[in-house]
Every structure is written in C-alpha cells, then in structure tokens.
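Here are my notes on this one, jotted down as I went through it. Have a look at the model first, then read on.

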Amino acid sequence: MFELDQEARAFCVTCVENRFLTDYLPAAKGDYVKVYLWGLYACANKEPDYSLEEMAHELDLSVSDIEAALRYWERRSLVSRISDNPPQYRFFSAVQRNMSPSGAVQADMEYVSFAEAVYAAFGDRRKVKPSEISMAWEWVKDIGLSPEAVLMLLHHCIGQRGVNFSFRIAERLAVSMKEAGVQSPDDAEAFLQHDQAVHEGTRKTLSRMGKRRLPTDDELALYEKWITDWQFEPQAILDACREMTSGDPSFKYLDGILNRLHKESGVKTGAQVQKQFDLEEDEKKKAQEVFTRLGMGRFSGPAAVRQYREMLAVQPHEVLLLAADKCFKTKHNLEDMTNLIEAWKKKGLQTEADVRQYVDKVAEQNALLKEIFEACGHNGRPTEADRKLYEKWAGFGYDQELILCAAEQARSAEANKIGYLNRVLEMWHDAGITDISQARARKKPEEKKKSGKTVSAQQYGQRQYSEEELLAVSDDLIEEARKQRG
C-alpha cells in the first residue's frame, strides 16, 4: 500500500554498527566490505527479485567476485544463503551475531575445524589473525585446494620463512599449486618439495655470493627459471658464480651469465659448466695472443673473442699466429690479416707446415728471380706471374746458370726484358738446347717492336697484383690489396 519515493531513498540512512567497523572491516578485503554494505542497502531499498547480476553491474564487479564476497561473510556468520534457485541471502547485524547464542551454531563448522587446525600449526609462536584464517580458507573455497593441501602449504612456509611469514606470499604459492594441478596431498607434497629445493638452492647461491640473508621473491623466481625452464643443475648454478668477477655479485648478474650458457652452449651440469668456462678462458688467452702478435694489445673482451672465432673458422690458431706476425712486421692491420688468411685458405694452405713450406718456397723463388732481374737489368720485385714463369723454365729442365745466361742476352733489350728472356728460353727449348755452350753459340733472337696490341709478355711492367700475390706475404702486395679494396 505504501512505498518510499525513489529519490527520497538517496536521503535515507543505511545502518552499520560500530561493531562491524571494529571487528569485521579491518580483516576483510575492500571489495568484500563493499559487497556487504551494498547488501545492507539492497535489503532496505531494492526489489525482492534484485539479482546478483544487477548487483555486480552496479558495483562494477564480476558475479564471481560477488559470490566470493558473500561466501566470506557466510563464514563470518553475517550472511546466510537461504535459497539456491534463485539465490537468496539473509543479512545479520554484527551486534546480533555476537549476542545471539544461535549465531555460533549456524557458523560454518568446516571453517571452524580448519581454523582450529591453522591455530594449532602456529601454536604459541604467532597469534594468527582472523583475517589470515579467512584468507587461507579462500584458498580452499575460491582457489580450489583441499584443506589438507593448504595446511601442508602453511607448514611449508613456516619451515622455509619462519612463523612470521606473510600470508600474501603464501597466497601466491597457493595459486601456483592450483596452476600446477595439485589435487591430492601427494601432489601437494611433491610440489612443496620442489619449492623447498628452490628455496635451499637460492639460499646457497646467495651464500656463494657472500650474502647472508633470506632470498627475495624475485630471486626465488629467477632460481625457479634456471632449474625448471633452463634445466640447470644446482651445482651448475653455483659454479657459474665464478664468472661474476666485476662489480657486486647479484642474481641479475648471474642471470646474464646463465642465459649466455643456455643459449650458446647448452650445458646443464656443474662439470659441463666448469669445462665450458675453461674452454672460454683458453679461447680468450688464444685470442689475446693473436692480437698481441698483431700489435693490438688493448683489443680484448667479447669483441676480440668474436673476431677471433670468425678467423678461427678460416684457419687454425697456429696459422693465425703466423699471419699476425707477418702483418705486424709489415705494419699492416687486422683487415689485411683477414684477407691474408682467406687467401691462404683458397690456396689450400690450412696448416702451419703448409704455410711455412709455401712461404719458404716463395722466398726461395724470389731470391732466384732477383738474381735474374739483376742479370737482365729489370727493375722491380718478383710477382706471382714471375714465379709461374720461373716454374715454367724449370719445367724445361733449365737450371739457374742456364737461365742467367739467357738473362744476359735479355739485358740488351730496350723494353720488356722479362718478356724477351721468356722468348729466348722458349726458343732454346724448341731447339733442344740443354747446356750453356749450346746456348752461347745460339744466335740472339730479334727484339719485337712495340705495336698497338699488348701481349701477355708485355704485362709485367703494369704491376697489377692479384689475390695470388697476396699469398707471398709481401709488404708491397698487402698494400696493393688494401688499395684495390678502396
């Protein structure tokens, strides 16, 4: 018959006892308090068919948030679910519940039993707050863990962190248990044993760093990643600490070291980590040896190792040392050395013995050619083309004495003395001349006159060095190769 004007309701009062503010509000989550107060308001001002969906919409919460809050207040005996379809709830005042003997009877006996077990776990060592009991019970009702699993979790936290641990930290572990699919007490035991191993390993790692304190959550998360995701053995993590040689040792520093090992080498055990570090140390020493021989004593660190690895893929260490020595003596740089070892590789020279044999052969041929150049009056240094000609003449069966005899005849040539010398020796070979007496009796060939065309024998004076000339490891050839590269 009578109803209150809708606008007038905004000027009315919803009664909340001080007992609720002092005994219940401090321990409850903010959203839970919001739901309880709104429920009191709805009891007096909303229609009887007011739904949870409407309530969730007006409070900007999800229906599951509303249901979780109502279950919380059910456990505190301030709310009672009196119907399931549709769901209906009856609200009680805080003073009423504390004064009424029947209030305790209606309390959730399963919750009471759980609370007693929690109190027993801590005993006289810590006074557990009702809000903490309620939070742990939410892990049963909202997260879905069994009461036994939650109690095992609390005992685990007491053992790992002491009786004064934060229930918020334990809540994160409870969520992890749920995500790991923990169902039975055996599942919980296996999960918590792993967590215990993480804690113990983290503490040992901190101790290895010289730090005497409990690990932080971030440090525990990193250690978990190292042993679970990257599958490092605990000893491997401890052994990796030896690489923290600069600055303050930290888990972030160690994470960088382990990340490199995980990506580059795939080692897992302590022995493998030690071996990898020994290999890397040997690699650093060898890289420094090469760059020191090259005159780059200050070139060190990761950049030097990377450059060394690139060169090592071309030539072995001993050959790199030979190339570094030669480039240092001829005052050439790292780029010249890189070209030199590539040229040796293309020549098929990939051992120290092969390179030394080749260099000795070139030096011997160059000495013989210089003697021939002096005999014929040719100015210049021997090139690869000159050495090929010398091998051709040696293939005719001609020794140095007979070649020098021909060089004396080439001395009178006005130009291209080497080309003239080659023509003399070819004519002798065609004529079957094999000794000096026959050669001296042989008439000198006429010198060819210059023409517009350029023949191969006339190309000596152009001094165009090829990659083959670089193989001679001569100062002028390295310089010429550098100029050609621009």
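1. Start with the charges over rings: Arg-126 lies over the face of Phe-165, 5.5 Å from the ring centre. Likewise, Lys-268 has its charged end over the ring of Phe-232, at 5.9 Å from the centre. The rule here asks for NZ of Lys or CZ of Arg within 6 Å of the ring centre and within 35 degrees of the ring normal.

2. A word on what you're looking at: this is a predicted model, where local features need pLDDT of at least 70 and side-chain atom pairs count only at pLDDT 80 or more, while totals for chains, interfaces and linings use all residues. Residues are numbered from 1 along each chain as its sequence is written, and side-chain values use heavy atoms, with hydrogens and water left out.

3. Now the aromatics. The structure holds 19 aromatic pairs (rings of Phe, Tyr and Trp, the last by its six-membered ring, with centres within 6.5 Å; planes under 30 degrees apart are stacked, over 60 edge-to-face, the rest tilted). One of them joins Tyr-72 and Trp-73 edge-to-face, at 4.8 Å centre to centre and 80 degrees between the planes. Both Tyr-72 and Trp-73 are buried (under 20% relative accessible area; exposed is over 50% and partly exposed in between, using a 1.4 Å probe and protein chains only). Tyr-72 and Trp-73 also belong to a cluster linked by ring pairs, together with Phe-20, Tyr-24, Tyr-32, Tyr-36 and Phe-91.

4. How many disulfides are there? The count comes to 0, taking a disulfide as a pair of cysteine sulfur atoms within 2.5 Å. As for individual cysteines, Cys-15 is exposed, with a relative accessible area of 64%, whereas Cys-157 is buried at 3%.

5. Is Glu-219 buried or exposed? Glu-219 counts as buried because its relative accessible area is 9%. You'll find Glu-219 in helix α12, which covers residues 217-229. Setting aside neighbours within four places in sequence, Glu-219 is in contact (heavy atoms within 4.5 Å) with Thr-202, Leu-206, Arg-213 and Phe-251.

6. Stepping back to the whole chain: the protein chain has 25 helices and 2 strands (DSSP runs numbered from the N terminus, with helices being H or I of at least four residues and strands E of at least two). Of its 486 residues, 41% count as buried. Among contacts between residues at least 6 apart in sequence, 60% join residues at least 24 apart.
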